[in-house]
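Reader: I have a model open and want to talk through its packing. Can you take a look?

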Amino acid sequence: MPTIGVKRDLLFEALGKKYTDEKFQELCFAFGLELDEVTTEKQMLTKEQGDVAAAADASEEIIYRIDIPANRYDLLCLEGLVTGLRVFQGQVKPPKFEFVEPAQRQVLKIMPSTAQIRPYAVAAVLRNVTFTQDSYNSFIDLQDKLHQNICRKRTLVAIGTHDLDTLQGPFSYEALPPEQIKFVPLNQSQELNGVQLMDFYSTHAQLKQYLPIIRDSAVYPVIYDANRVVLSLPPIINGDHSKISLKTKNVFIECTATDLTKAKVVLDTIVCLFSEHCSKKFTVEPCNVVQTDGTTVSYPELAVREERISVKRANAYIGINEPASQLADMLTRMYLEAQVDDKDSDTLKVKIPPTRHDVIHACDIYEDIAIAFGYNNIKKSLPAFMQIAKQFPLNKLTEQLREQVAQAGFTEALTFTLCSRDDIARKLNKNIEALPAVHIGNPKTLEFQVVRTTLLPGLLKTLVANRKMPLPLKLFEISDVVVVAENSEVGARNERRLCAVNCNKTAGFEIVHGLLDRVMQLLSVPRKAANAEKGYYLEATEDPSYFPGRCANVMCDSVIIGKIGVLHPTVLQAFELTTPCSVVEFTIEPFV
């Protein structure tokens, strides 16, 4: 959940009313927000840096830090927040955004080479903008908030804003070798090429985190104007030539992206929120974007779509009983203009403006009705019919077994569901390609690359972390593993397993064997007799994770449910263990 900081006095001036901290907190709560903190710039710097001297020159002006829902991009700056609150209080109606057609549109042409790195781009122009220092700061801060939020730290979308009066259209979006790109970066005086720029910003506090996005690419994305002046090198930095300032009147906004939908959302959000600073409020100048196939698309879209919802269903879902006209008024206060259908009094026609890209489904509209009505105003009521709940059988069995295994002298561990590929493959003497593992698409760290297919690595790493403890170490875990299942709806399935490890000067195979016998006794599963069809037994097998001749399948009713054995020395060495270990691991789902 992003947090924005707004100056209290500036906020109250824009709202046209002063509030106490308590009253403003109540207003935020009613609107679905939360006033997180009342502070000052000086207090924030002192808290972050711990240096009172460094914050000596900081402002003492009161700042409200407000938590904003992650999908409400329209509230990430002062302008959007003020408009939203004023509409909510019924002071103004939701603004209508209009296109202003210029004598000649600005054109941005996307070259085919961009398909190698960031294939999409959108653009728009805000004309006759008047910036103050506060609105300028808000404009920059909004871009940063969007970059961190919907843009996913510029990996999906990168925003560039430029002083249009310093440039000459048409513009071209290209991808070139880094050595061929030369320009003066924002707030610098020295010209750098792409390679030099990467080195220059490798130690920059804010920009160094974005360098890996394109650093290893053979080509870098770049935007030129008609005179081959560089506007920006997305997603790293803009050029100094076209930087905006308080004197800027016409703003050219470009967004390059790997996700076109996100780029449209970002562009709509920026132009809608800051078009109120144009001389003719809430107007935007469209741009033509020429695609690689030669087709021309106009941006921004500023699409207003209509949704229809049932009044009866909305009341039933929320637990209220309000007339259609009242529900329409609530939605209008939430920036969603609504009216009752002339032909069907049970239907509301709801207009979704370009600022509310978070409204995807009818349930999002129901949620806004609930917020406007007030969650605290919804009367508590008992269900209309009796419901007798019971514990999920698999969880109930899990809890019962945890208690019994602990009473058998084992200590319970709770380990991560995600692990590295090496943990489930190389360290266990197995091939990752042969395992039915679910892989993480873009793992953030090497420690979390796959979903575990066995509980064993987690317990062995727990043993390593506690190897200074006196022997024996007896650990167990009853948790889920995830394996690929092609016939499953999601392509994978969970499986609840019990795994126990005994670590001592000797392997102690009899310890885990005894635990297996005890668990089967608790589950009322008999040891299979010679001529019996039912029961459990051990069947010798070989597994690269276990010592040769010291491994067996755990069989139940002639079906393999797990393995038991003594771990191979190379497995112990891979996990940095020096004492023998015996293991039993099997699924408990057949016993539910």
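Reader: Which residues does Leu11 touch, leaving out those up to four places away in sequence?

Author: Leu11 touches Val6, Phe24, Tyr64, Leu78, Leu81 and Val82, not counting residues up to four places away in sequence. Contact means heavy atoms within 4.5 Å. This is a predicted model: local features need pLDDT of at least 70, side-chain atom pairs count only at pLDDT 80 or more, and totals for chains, interfaces and linings use all residues. Residues are numbered from 1 along each chain as its sequence is written, and side-chain values use heavy atoms, with hydrogens and water left out.

Reader: And the largest nonpolar core, which residues have the most contacts inside it?

Author: Leu11, Phe24, Ile66 and Leu146, in a core of 95 residues. A nonpolar core is a set of buried Ala, Val, Leu, Ile, Met, Phe, Trp, Tyr and Cys residues joined through side-chain atoms within 4.5 Å. Buried means under 20% relative accessible area, with a 1.4 Å probe and protein chains only.

Reader: Which helix gives the most to this core?

Author: Helix H7, residues 260-274, with nine residues. Helices (H or I, at least four residues) and strands (E, at least two) are DSSP runs, numbered from the N terminus.

Reader: Switching to strand S8. How many of its residues are buried?

Author: Six of the six residues in S8 (171-176) are buried. Phe171, Tyr173 and Ala175 point one way, and Ser172, Glu174 and Leu176 the other.

Reader: Which way does S11 run against S8?

Author: Antiparallel, with five bridges joining S8 to S11 (residues 220-224). Glu174 stands opposite Val222 there. Strand S5 (residues 107-110) runs parallel to S8, with three bridges, and Leu108 has Phe171 as its bridge partner.

Note on methods: Buried means under 20% relative accessible area, exposed over 50%, partly exposed in between (1.4 Å probe, protein chains only). Two strands pair if DSSP finds at least two bridges between them.
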